[in-house]
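Trainee: I would like to go through this entry term by term. Please set each value against its definition.

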Amino acid sequence: MRPFRAMLNGHKFVEVSDVVRVFATPEGEVRALDGVSFDVQQGEFLSIVGPSGCGKSTLAMLIAGLMRPSAGLVAVGGRTVDRPQTSLGIVFQNPVLLAWRSALDNVLLQVEMRGLDVRQYRHSAMELLASVGLEGFEKRLPHELSGGMKQRVAICRALIHDPPLLLMDEPFGALDALTRDQMTLDIQGICARGSKTVLFITHSITEAVFLSDRIIVMTPRPGRIDGIIDVEMPRPRRLAVREGPAFAAYTRQIRDRFMARGVLRDIEDPSPLAPLGGFPSPLASPRGCGSPLTPPSPPGGEGAAGA
Amino acid sequence: MRWREWSPPAITILVTLVAWEAWVVGFRVREYLLPAPSGILAVLAAEWRYLALHTGVTVYEILWGFFLSIVVGIPLAIVIVYSPVLERAIYPLLVAAQSVPKIAIGPLLIVWAGLGIFPKVLVAFLIAFFPVVIDTVAGLRSVEPEMLHLARSMGASEWRVFLKIRLPNALPNIFAGLKVAVTLAVVGAIVGEFIQADRGLGYALLQASAMLNTKLAFASILILAGIGTVLFVIVDWIERLLIPWHASQRVETAAGTL
């Protein structure tokens, strides 16, 4: 994967330059984005991480052409975005499936709305659904599917027309942790198959590091770019990568940025439960949260095990 | 397990009828005040030709009123949803018109529309169409914004969005409106006939009351209730046929509350 991606380097697929987006609210103007510039290389998996309200969803809307910037320029494939883009696939946090259509027909909505011949796409839609583990569920209606399955259908709908660009705005935000893990793996698999350019918006540091070639870290209100981090880890990545030192280094890098901005605030004093290690035990809870009935862990137990 | 669904109302009705009959017989209530159910049924059987004639007229008025409320109400709702200017122009008038008691303009309708069936159809339509408009507007507007974003990213024309997303999405609301409308159309037709008529169940009802033929009046009311119920059930049945995905979910929630 790496050599191929490296080969494509320098080919800017998405260009965002000096973008400002201001929203008028009853309380006055709110600057959602302020002077944001970055590129997405062709075939690259780029994540944007930031707290709620940093304008990362706005960024997705601007790139999709569903919203106009107040200032600055957005270009996709070398053309300025001045209308809704159609050569892309979008996945939102909410799967937004049509309740009266089966999983298969929801995927084929993309084809129908484009006025393409549905028969030609039926087979590839079935294959796509099977590739995300939905074989045998093609005829089910959305209310018969679990949250994770619905989101898989939404992802298939975003891919059926084989778009060069995939925009995902918190696609796993409404899913439980286990489903998220599986979906992260599935997305990696899907994106490895084609030479898709992917813009992945999330507030999960772990997901961003696991999936990305590059990560843009945003500051809260107004949204600015705080830093861009290259993730150099071989692909395909297994879930166990997340416990490795390289992974930890990347997540710490992002977390430190959030802490410097006050997005995250750690507990102030190191926990007395972890006197050996230099870091607090993950089980140590902030004051007031622990139940008096819980027996205290042996000193250094967790810390030592982790170290 | 079907009997669990229909047995409670059936038992309630049966018990009511028996108690009614017993009351009338036991206390020798005069017939012109309150006839016994058996007496009403007897009149129903004896006068069925007379009643069928008037029922036909009233059903005809109801169906026309209901039909007009659909063919005027739904397009009007579409116009309101798609044109903010027309919405501002029409909506306040619509609400104002709704707050005028239809029976109050009944005499005017007769002046304008004559003595035939048409003014009754008009009253039925005027009473029935408001919920159709309101519910259709709500339904057409209830599409999730993300879905509309997706549709635009698919390069879909507004016509396709309407046909494949907005309209099917609005069907549950539209049918909610239609169910209210169909029962209101029954009310409208009777109101129209009360104002002035020489035919129809409303006329039969007035005539029977005037002659203290309470049995016949009750028979007319019974038929009216029957018409309302049957029409409602038909609309409900069409709804299940057209939007099975919605009906199935409704049944699930109903079963969940049992």
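**Terms and values**

Mentor: Start with one pair: A:Ile216 has A:Ile228 in β10(A) as its bridge partner. The model is predicted, so local features need pLDDT of at least 70 and side-chain atom pairs count only at pLDDT 80 or more, while totals for chains, interfaces and linings use all residues. Residues are numbered from 1 along each chain as its sequence is written, and chains are lettered from A and ligands numbered from 1 in the order in which they are written.

Trainee: What makes β9(A) and β10(A) a pair, and in which sense do they run?

Mentor: Strands pair if DSSP finds at least two bridges between them. β9(A) and β10(A) have 5 bridges and run antiparallel. The two form a hairpin, with 6 residues between them.

Trainee: Which strands make up the open sheet, and in what order?

Mentor: The order is β6-β7-β8-β3-β9-β10 in chain A, 6 strands with mixed pairing.

Trainee: Why do β6 and β10 of chain A count as edges?

Mentor: β6 (88-91) and β10 (225-230) of chain A each have a single partner strand, so one side of each lacks a neighbour in the sheet.

Trainee: What makes β4(A) and β5(A) a hairpin?

Mentor: They pair in the antiparallel sense over 2 bridges, and 2 residues lie between them. A:Gly77 in the turn has a positive phi of about 60°. A:Ala75 has A:Thr80 in β5(A) as bridge partner. β4 (residues 71-76) also joins β1(A), through 5 bridges and antiparallel. There A:Val14 stands opposite A:Val76.

Trainee: Is A:Pro26 buried or exposed?

Mentor: Exposed, with 4 other C-beta atoms within 10 Å. The cut-offs on that count are 12 or fewer for exposed, 20 or more for buried and partly exposed in between, with C-beta atoms placed from the backbone. A:Pro26 sits in the loop between β1 (12-25) and β2 (28-41) of chain A.

Trainee: Where do the domains of chain A fall?

Mentor: Domain 1 covers 2-87 + 164-260 and domain 2 covers 91-162. These bounds come from an automatic or database domain assignment. The C-alpha centres of the two domains of chain A lie 24 Å apart.

Trainee: How many residues of domain 1 and domain 2 of chain A are in contact?

Mentor: 12 residues of domain 1 meet 10 of domain 2. Contact asks that C-beta atoms, placed from the backbone, lie within 7 Å. On the domain 1 side, α6(A) gives the most, with 4 residues. By class, that side has 7 nonpolar, 2 polar and 3 charged residues. Ala, Val, Leu, Ile, Met, Phe, Trp, Tyr, Cys and Pro count as nonpolar, Asp, Glu, Lys and Arg as charged, and the others, Gly among them, as polar.

Trainee: How many residues of chain A are in contact with chain B?

Mentor: 19 residues of chain A are in contact with 18 of chain B. β6 and α3 (103-113) of chain A each supply at least two. α3(A) gives the most, with 3. The chain A side divides into 12 nonpolar, 5 polar and 2 charged residues.

Trainee: Which hand has the crossing of α5(B) and α6(B)?

Mentor: It is right-handed. The axes of α5 (residues 102-113) and α6 (residues 118-141) of chain B come within 9 Å and cross at roughly 145°. The residues of this contact comprise 9 nonpolar, 1 polar and 1 charged.

Terms used: Two residues are in contact if their C-beta atoms, placed from the backbone, lie within 7 Å. Axes are lines fitted to C-alpha atoms, for helices over the stretch in contact, and angles run from 0 to 180 degrees between N-to-C directions. A crossing is left-handed if the near helix is turned anticlockwise from the far one by less than a right angle, and right-handed if clockwise.
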